[in-house]
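Reader: I would like to go through some of the labels used for this model and ask what stands behind each one.

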Amino acid sequence: MKHGIAMLPPAPETYAHWCRLSEEAGFDVIWVPDSQSLYRELYVSCAICAANTSRVLLGPNVTNPLTRHPATAASAIATVDEFSGGRALFGIATGDSAVLNLGLRPGRVDDMRDYVLAVRGMLEEGAATYRGKPCTLKWHKKRVPLYIAAEGPRTIRLAGEIADGVTIGTGLTPEVAADSLTWLEEGARKSGRKVSDLDIWWLAKVNVREDGERAREEIRMALAASAHHAFRFTLEGKRIPGELLSAVETLKKEYAFHEHEMVDKQTNAELVDRLGLREYLLDRFAIAGSPAECRRKIEAMNTFGVENLRIAAHVHDKPAFIRAWGREIISRIK
């Protein structure tokens, strides 16, 4: 099992400290979120991470196909790769708070395909075509692994077809995981590949504390974020219990994207409880509780194919969490 952590970039000196702690705790990847209206700049934060680590892989998880031209993104991630000694990864999704806070709509699957192929072409061949126009990257020619983060059938199939890896955000229950792996396999077959050819990560909202109930309560706003993102386009085929469909629709309408995954804001946390969705969202999207509870859930997930974890821990005391996850989870589950 590999562990990757995504941390919303705070002030540079604080972020540097968190990155050093994460590497010391045993994390394999540090993913850097991209939401220019809410957090510090993605690629500056990647450089801070690279400068303060020596082993972990790092890169955006995730950027989007709207706020940067692919030539800009290709040059940025190539620079991070060069500066980090070849440790860069490039993660992209259709867009959430980064685009919603600009009044834009998330990208379509076809937009993702064109964008990813353009970035890959520039990184590996020095040239690509994007929206009918030529674009070039003259100084770099090296493969940087490309990852697509996905919550729906079409995007998961696209990841299987064209990406090097995928971050699956559909959930952590057996039926949902089985659906996701089926879609991934369908996409992989289109390009003559197998699921085993892909580096597969599973998105989990996490928290670990001796007081398990406090751990679960602290990440309520992150549960709302997972529901908003995974269910925003359609509920069809999403395996949501019928009695919860109305509550999920209300969450989608009332989600405060200007407070996206911000631990010091309460609007989205209170929304989860008001709609009676806390237990369902914890079961589907989270690993949260005491150390023993977290280990039991991870071990159960392993039995139905959920292995490498891309975790997001939106908690008040990030250093304490990083140390606890390293001590109680990483060092004890191999």
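Reader: What makes helix α6 and helix α7 oblique to each other?

Author: Helix α6 (residues 153-162) and helix α7 (residues 174-190) pack at an angle of about 45 degrees, and their axes are 6 Å apart. Axes are lines fitted to C-alpha atoms, for helices over the stretch in contact, and angles run from 0 to 180 degrees between N-to-C directions. Angles under 35 degrees count as roughly parallel, over 145 as roughly antiparallel, 65 to 115 as roughly perpendicular, and the rest as oblique. The pair α6 and α7 is therefore oblique. Helices here are DSSP runs (H or I, at least four residues), as are strands (E, at least two), numbered from the N terminus.

This is a predicted model, in which local features need pLDDT of at least 70, side-chain atom pairs count only at pLDDT 80 or more, and totals for chains, interfaces and linings use all residues. Residues are numbered from 1 along each chain as its sequence is written, and side-chain values use heavy atoms, with hydrogens and water left out.

Reader: Which residues of α6 and α7 meet?

Author: With contact taken as heavy atoms within 4.5 Å, P153, I156, R157, A159, G160 and E161 of α6 meet S180, W183, L184, E186, G187, A188 and K190 of α7.

Reader: Why is helix α12 called largely enclosed?

Author: Buried means under 20% relative accessible area, exposed over 50%, and partly exposed in between (1.4 Å probe, protein chains only). In α12 (residues 278-285), 6 of the 8 residues are buried, so the helix is largely enclosed by the rest of the structure. The buried ones are R278, Y280, L281, L282, R284 and F285.

Reader: Is R131 buried or exposed, and what about E261, buried or exposed?

Author: R131 has 59% relative accessibility and therefore counts as exposed. E261, at 11%, counts as buried. R131 lies in the loop between β5 (127-130) and β6 (133-136), and has a positive phi of about 55 degrees although it is not a glycine. E261 is in the loop between α10 (245-254) and α11 (267-274), and its phi is near 55 degrees.
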